[in-house]
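Hi everyone, thanks for coming along. Please have the structure open on your screens, and let's walk through a few parts of it together.

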Amino acid sequence: MVWTPRRLVIAPLLAVLGLSACAGGGRAWGIRDPAAALARAHATSVFGPAADFDGSDLPDVGTTGLFPVHPEEACEVGVLAGGEDSYAMRLALLRGATRSIRVQALIFTADEAGLRIAELLIARRREGLDVHVIVDALSNVSWQTQWMYFDLMQHGVDVEGYEAAGLQWLNELSPGTPHGTLRQADQRFHEKLWILDGETDHGVAVTGGLNLANEYFRVDPSHVERYWRDQDVVVRGAVVADLTRAFDRNVTYFQAIKASRGWFDTRRYWGALRAALARTGHPSIAFTASPRRVALAAALEARVPQVTTAPARCRFFQSRPRLHESYIQQAYLKLVAGARREVVLANAYFVPTPAMRAALVDAARRCVHVTVLTNSAETNDTPGLSTVGRAYYAGLLATNTRPDVRACAQPAGIEIWEWRGQRADEARPSQGLMHAKYVVVDGETALVGSHNLDPRSERLNSESALAFASPGLAQALVAGFTRDLASSRKISLGEARGFARPPGTLARLKLRLGKVFEDEL
């Protein structure tokens, strides 16, 4: 089993401390009864009333995390063609903001793209804008990245998920909120939000799967392993206020932890330091960057983004398992359960939970054609995760042999494709990880966000996603999906059976070890 910093999994540490999913703060939140969840999904809609969703069982949370449905006139969505266009769009919006900037990402790296973003954030703060950043406390450990956060802080940009001297991990061990437990040390902030002027009637936002680093924005095509495929959307209209509320709720959570410490509230000391630096001047921090990649990032910033834009009925979702919410998982189930012809599903980390497996099999048996695209072990930045996910392929693909599926009048069944980052006409891979997370149903309705189809996104990580209904936008996503299949490989049932019962002692050991920690994946 291979663990990497990109997907920080601390299950072994939790096991040593006795803080498994059944101890040390309670079981990880998630859908408990897959059959009941699927039955409810069939009877409800992703755009239905609040009663169509199961809210938190915490009395002071309830359905506060469920946002309203917006009609076409209150929601405009743009499907961005890829990471390059997301970078160009994000920076153009950043330069055009007039009042506030809110940025959240699991990862915000001090590489060439990240440093340029930080430079603009500081410049806009100097011009008087309110600028706030949220990063995940345990996913940004490099020395240069930590200094970039310090530079942002000293110039008045608040960075939640960061403390001086790398002490942000202390926040993870401090409950500090009414529902905080030691379990929160294993619950990451995985959301991706980029919101400009969110409190105004002209606000705009970008959301989806992209973090803030070179690989997500595809800065350097020659650096194949860090040249990733991802998916974002840009959003305008009244729905932007929902993204803003979700972001502000996360800020409130972080600040409640600090406020609970009294004199150890670090906001006090940053205030004093900023006042002193206003008198003495800010220390200059030297960052290392490649001139060639700086130039490549500048070229991306100058490009005109390719974006397909249309009005769309939409709904924003935020799921915070730490507050016993599962809205995005419910949304996925409702979309798949409501499919009549086709489900197109791209997901970077596919370790389907029982409820999702049941929904995909049910769709196939209703004569729906399901196509899943996920990473191969060769492109996955956590190959051990592919080992566990592949073990479920055979059960899904075996559905195609059922008489009811074979008797369907229209194309039906389940296909699973693995991303290789290499087309048939290429001698070697030209792209690295596939990081996108989206689903398209019947060429009409889609959901794009940060949510992976794995236990971690369902039960542990805070996630966000946007569902929208628009045939034009849905088809733009399907067109990108079709292009991606050309760089992928279809998995056969025979191959899938081999994944489920791998030959060799070491391969079987890896699978068994992965299954032990599956709830952490």
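To which cysteine does a disulfide join Cys367? The partner is Cys408, with an S to S distance of 1.9 Å. Before I go on, please keep in mind that this is a predicted model. If the word is new to you, a disulfide is a covalent bond between the sulfur atoms of two cysteines.

Now, where do these two cysteines sit? Cys367 is in the loop between helix H12 and strand E12, while Cys408 is in the loop between helix H15 and strand E13, so the bond ties together parts that are 41 residues apart in sequence. Buried or exposed? Cys367 has a relative accessible area of 19%, and the cut-off for buried is under 20%, so Cys367 counts as buried. Cys408 is buried too, at 13%.

How many disulfides does a search of the whole structure find? It finds two. The other one joins Cys75 to Cys314, with 2.2 Å from S to S. Here the angle about the S-S bond is 125°, and the link is right-handed. Cys75 belongs to strand E2 and Cys314 to strand E10, so this pair ties together parts that are 239 residues apart in sequence. Both Cys75 and Cys314 are buried. If you number the bonded cysteines in sequence order, the pairing reads 1-2, 3-4.

Let's move on to helices. Two packed helices are described by the angle between their axes and the distance between the axes. Take H5, residues 143-154, and H9, residues 266-280: their axes come within 10 Å and cross at roughly 70°. Which residues make the contact? On the H5 side they are Phe150, Met153 and Gln154, and on the H9 side Trp270, Leu273, Arg274 and Leu277. Sorted by type, the residues of this contact are five nonpolar, one polar and one charged.

Last stop: helix H4, which has 15 residues, 112-126. At 1.5 Å a residue, H4 should span 21 Å, and its end C-alpha atoms are 21 Å apart, which agrees. Several H4 residues are buried, including Glu112, Leu115, Ile117 and Arg124. After H4 comes Gly128, which has a positive phi, near 100°.

Note on methods. Residues are numbered from 1 along each chain as its sequence is written. This is a predicted model: local features need pLDDT of at least 70, side-chain atom pairs count only at pLDDT 80 or more; totals for chains, interfaces and linings use all residues. Side-chain values use heavy atoms; hydrogens and water are left out. Helices (H or I, at least four residues) and strands (E, at least two) are DSSP runs, numbered from the N terminus. The expected span of a helix is 1.5 Å times one less than its number of residues. Buried means under 20% relative accessible area, exposed over 50%, partly exposed in between (1.4 Å probe, protein chains only). Axes are lines fitted to C-alpha atoms, for helices over the stretch in contact, and angles run from 0 to 180 degrees between N-to-C directions. Contact means heavy atoms within 4.5 Å. Ala, Val, Leu, Ile, Met, Phe, Trp, Tyr, Cys and Pro count as nonpolar, Asp, Glu, Lys and Arg as charged, and the others, Gly among them, as polar. A disulfide is a pair of cysteine sulfur atoms within 2.5 Å.
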